[in-house]
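I opened my notebook today to look up the pockets in this structure. Come along as I jot down what I find.

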Amino acid sequence: MSEGMNQSMLVVWGGFVLAFIFGVVANKTNFCTMGAISDVVNMEHWGRMRMWLLTIAVAMIGANLLYYFGLIDLSKSVYQRPVLPWLSLLLGGALFGVGMTIAAGCTNKNLVRVGGGSLRSVVVLTVLAISAYMTLKGLFGQWRTSFLDPVAVDLSQWGFSAQGLPQVLAKLTGLPDKTALLVTLSVVGLGLLVFVFKDKRFRSNPSHVFGAVVLGLLVVAAWYLTGHLGHGEDPETMETVYFATNTRTLESMSFVAPVAYNLEMLMLWTDKSLRMTFGIASAIGVVLGSFAYAISTRQFRWEGFASMEDLRTQLIGAVLMGFGGVTAMGCTIGQGLSGISTLAIGSFLALTGIVGGAVATMKWQQR
């Protein structure tokens with residue numbers, strides 16, 4: 001077996017194992033971004049929100065320390081490209097936020113629910129996958145590339161090679177790149193930690209603290225897996241490549257496009273040009289990890305739709321999540337954890353859209 005094949009297998013199986021653990025922890029701790037936002041909007045309870053913010057802080061600090069010490073190059077990720085499609089990020093994020101709210105859960109939450117026995121989530125994910133695939137390569141993709149993506153700012157015109165906050169700080173202040181990285185990381189990452197742990201009730205909840213730390217470290221481990229262990233020379237082309245990723249660069253946890261690629265793999269199984277990737281394996285891993293936890297704790301339960309109205313609402317939400325997640329280049333995990341961990345400006349815009357869309361929908365539902 002060639003060295004390239006070995007690295008591809010390492011990335012694929014490593015992604016599966018990391019996602020399996022992700023599924024176990026997400027199920028055990030009821031990790032849910034939509035739920036965290038809903039708790040704040042509807043009950044003014046910040047427990048799950050602090051858990052999500054702690055996960056972001058751990059992922060952000062860990063990923064950027066890997067970058068600082070030269071173990072991975074976050075500037076090569078899709079989130080850090082110097083072209084900033086701000087309209088796609090904001091609108092796509094907002095539509096994803098609306099979709100996950102009316103569908104009562106984001107992509108990750110539906111993957112976790114499938115593992116717990118939800119047939120409803122199987123239907124939601126299937127429709128989401130079709131919508132996402134249409135946005136990647138089909139009719140929705142034509143709309144996206146024709147009307148949304150061209151509305152962008154090219155930061156390279158101002159000398160930026162990437163769109164990270166540290167690069168902006170370095171450009172504005174003249175600080176060395178590594179110093180700017182540490183300053184940005186201290187302000188944002190440590191600021192999140194202070195906010196999270198100032199709440200005594202959250203500090204006394206070991207399940208949420210432990211879950212957040214583990215999930216954050218899994219995002220960091222995924223960056224290391226694809227960006228370091230999966231980075232090497234292709235024995236056929238003799239070029240330096242990132243093995244077994246759909247974006248052909250380093251990746252971490254993200255589930256909208258990978259769900260679409262799973263559907264593509266199932267539909268075109270005999271197409272020899274298709275290969276198992278980190279993203280495809282990670283989506284499967286979350287389901288099986290959640291399933292293992294549900295079975296081991298006897299919480300596995302078959303679940304269907306409550307009514308035709310419930311079915312209709314869930315399907316509309318699935319379509320919006322598929323289109324919005326691809327357009328915004330990620331979901332609550334893809335942008336809300338992995339993208340944010342790179343300190344990319346676009347990820348903050350996408351996350352603003354997701355939270356804004358979710359909050360607006362929840363307020364509308366209250367009325």
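How much space lies in the second largest pocket? I looked it up in this predicted model, and the second largest pocket holds about 800 Å³ of space.

Next I checked who sits around that space. The second largest pocket is lined by 33 residues, and Val78, Arg81, Thr247, Val326 and Met329 are the closest to its centre. I then noted the elements that give two or more residues to this lining: α12, α13, α14 (308-327) and α16 (345-366). The largest share comes from α12, with 4 residues. Sorting the lining by class, I wrote down 16 nonpolar, 13 polar and 4 charged residues.

Then I turned to the largest pocket. Its volume is about 1000 Å³. I found 31 residues in its lining, with Ser8, Ala244, Arg275, Met276 and Thr277 nearest the centre. Here the elements that give two or more residues are α1 (3-29), β4 (240-242), α12 (256-267) and α13 (278-296).

Which element gives the most to the lining of the largest pocket? My note says α1, with 7 residues. By class, I counted 17 nonpolar, 8 polar and 6 charged residues in the lining of the largest pocket.

One last entry, for finding my way back.

Technical notes:
Residues are numbered from 1 along each chain as its sequence is written. This is a predicted model: local features need pLDDT of at least 70, side-chain atom pairs count only at pLDDT 80 or more; totals for chains, interfaces and linings use all residues. Side-chain values use heavy atoms; hydrogens and water are left out. On a 1 Å grid over the protein atoms alone, a cavity is a set of points where a 1.4 Å probe fits but cannot get out, and a pocket is an open set with protein on both sides within 12 Å along at least five of seven lines; lining residues have an atom within 4 Å of a point. Grid points are joined across faces, edges and corners, and a volume is the space filled by probe spheres set on the points. Ala, Val, Leu, Ile, Met, Phe, Trp, Tyr, Cys and Pro count as nonpolar, Asp, Glu, Lys and Arg as charged, and the others, Gly among them, as polar.
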